[in-house]
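Work through these exercises with the model open beside you. Try each task before you read its solution.

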Amino acid sequence: MNVAAITIRTFDAADYPALVAVSNALYADYPWSEEELRHWDSRYDGVRAQLHRLVAEDQQRRIVGFAEYHHEPHEYHPQKLFIDLGVHPDVQGRGVGARLYEALLQELAALDPMVLWARARETSVQSVRFLERRGFVERRRAWESRLEVARFDPRRFQGKAERAVRGLVVTTVAKERERDVQWMAKLYDLDVEVEVDIPRVGEYTPPPREEHTRLLLENPGWIPEAHFLVIDGDRYVAQSNLFRSERLPDVLYQGITGTRRHYRGRGLALALKLCTVDYARRGGYREIRTWNDSLNAPMLHINTALGFVRQPAWITFEKVVREEPPREEPLGR
């Protein structure tokens, strides 16, 4: 393939099937469906949180690669963005990625970026080198872990879990929707308190409540019956949830598992994790997959104790384009 004959253009909605095909060829163990990718893209409103994507076409007008930049809605800064880039395995090593990257930088220039972040799996040596050659340095790591549901034995954890929730109510969002008209507001309040303590490269910025509601209710993989809650009185104090994968019907993805600060250290997260594994077992699922930042030691400890097996890490890289100006101190009186 002659890389000079490659055409770089802006992504169009009609490109979703081809984009999904390239992504799934790159990450066969993380396959998207078109519906899932469209939902993921709906997080970006085009005003505050922007997503801009380019695609590379060969001479037969086949999409062979993509590059994008986007703000992260939950850690928003107008001049700090994530980038992502992928080239179909059949045409890697021919300069397509370099052309996409240079084109993306030109598109980014109008935003005057200060920091760029990118992620690569540690086993993808070519991707890691690509980023390092362009001035990106490792910032942190996150591990995926997988649990074989059929091999899990909950008996040695049940006593601690039962003691942890004594005097509290363990239920699901599916039941709360029928019982309490304020369930969504309460869930949002819980999310905001829990999310602020989750390790991330930027600073947490909570989404507007309406956006939080829409993204949850429209998520094609959300399972209200597998969204478990601990309630103290009338207050949601802990949660753990699971999501379906459209392309991997025997796999469940773990969403957030989190507890309000005042309730931490009691074992509520463990009790809820047992609920999620029991749901997976009763539903005949083969595997649960979850992700943990390297700085989230308590959750890493729980998952390891339960038998989740750590997979190769995903590395977050950072490139400082220009230094952030110092904050002005308020004048004294």
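Helices are DSSP runs of H or I with at least four residues, numbered from the N terminus. The model used here is predicted.

**Exercise 1. Find what follows helix H9, and say what phi Gly-284 takes.**

Solution. Start at helix H9, which covers residues 268–282.

**Exercise 2. Check the span of H9 against what its 15 residues should give.**

Solution. Take 1.5 Å a residue. The expected span is 1.5 Å times one less than the number of residues. For the 15 residues of H9 that should give 21 Å. Now take the end C-alpha atoms: they are 21 Å apart, which agrees.

**Exercise 3. Decide how far H9 is enclosed by the rest of the structure.**

Solution. Use the cut-off first: buried means under 20% relative accessible area. Next, list the residues of H9 that pass. They are Leu-268, Ala-269, Leu-270, Ala-271, Leu-272, Lys-273, Leu-274, Thr-276, Val-277, Tyr-279 and Ala-280. Eleven of the 15 residues are buried, so H9 is largely enclosed by the rest of the structure.

**Exercise 4. Describe the protein chain as a whole, and test its radius of gyration against a compact globule.**

Solution. Begin with the secondary structure: ten helices and twelve strands. Then turn to size. A compact globule of 333 residues would have a radius of gyration near 20 Å; the protein chain has 22 Å, which agrees. Its C-alpha atoms fill a box of roughly 65 × 65 × 35 Å along the principal axes.

Of the 333 residues, 50% count as buried. Take the contacts with a separation of 6 or more: residues 24 or more positions apart account for 72% of them.

Finish with surface and charge. The accessible surface comes to about 17200 Å², and carbon and sulfur atoms hold 50% of it. There are 49 positive and 50 negative side chains, with the centres of the two sets 5 Å apart.

**Exercise 5. Which residues does Asp-84 contact, leaving aside its neighbours within four places in sequence?**

Solution. Locate Asp-84 in strand S4, residues 80–87. Its contacts are Phe-66, Ala-67 and Glu-68. Look at Glu-68, 16 residues away along the chain: the C-alpha atoms of Asp-84 and Glu-68 are separated by 5.3 Å. Asp-84 has a relative accessible area of 27%, which makes it partly exposed.

**Exercise 6. Is His-39 buried or exposed?**

Solution. Locate His-39 in helix H2, residues 34–41. Its relative accessibility is 13%, so His-39 counts as buried. Beyond its neighbours within four places in sequence, His-39 is in contact with Leu-215, Glu-218, Asn-219 and Pro-220.

How values were computed. Residues numbered from 1 in each chain as written. Predicted model: local features only at pLDDT ≥ 70, side-chain atom pairs only at ≥ 80, totals over all residues. Heavy atoms only, no water. Helix = DSSP H or I, 4+ residues; strand = E, 2+ residues; numbered from the N terminus. Buried < 20%, exposed > 50% of the residue type's maximum accessible area, 1.4 Å probe, protein only. Rg over C-alpha atoms; globule rule 2.2 N^0.38 Å. Contact = heavy atoms within 4.5 Å. Areas by Shrake-Rupley, 256 points an atom, 1.4 Å probe, with all protein chains shown as cover. Lys, Arg positive; Asp, Glu negative; His and termini not counted. Charge placed at Lys NZ, Arg CZ, Asp CG, Glu CD.
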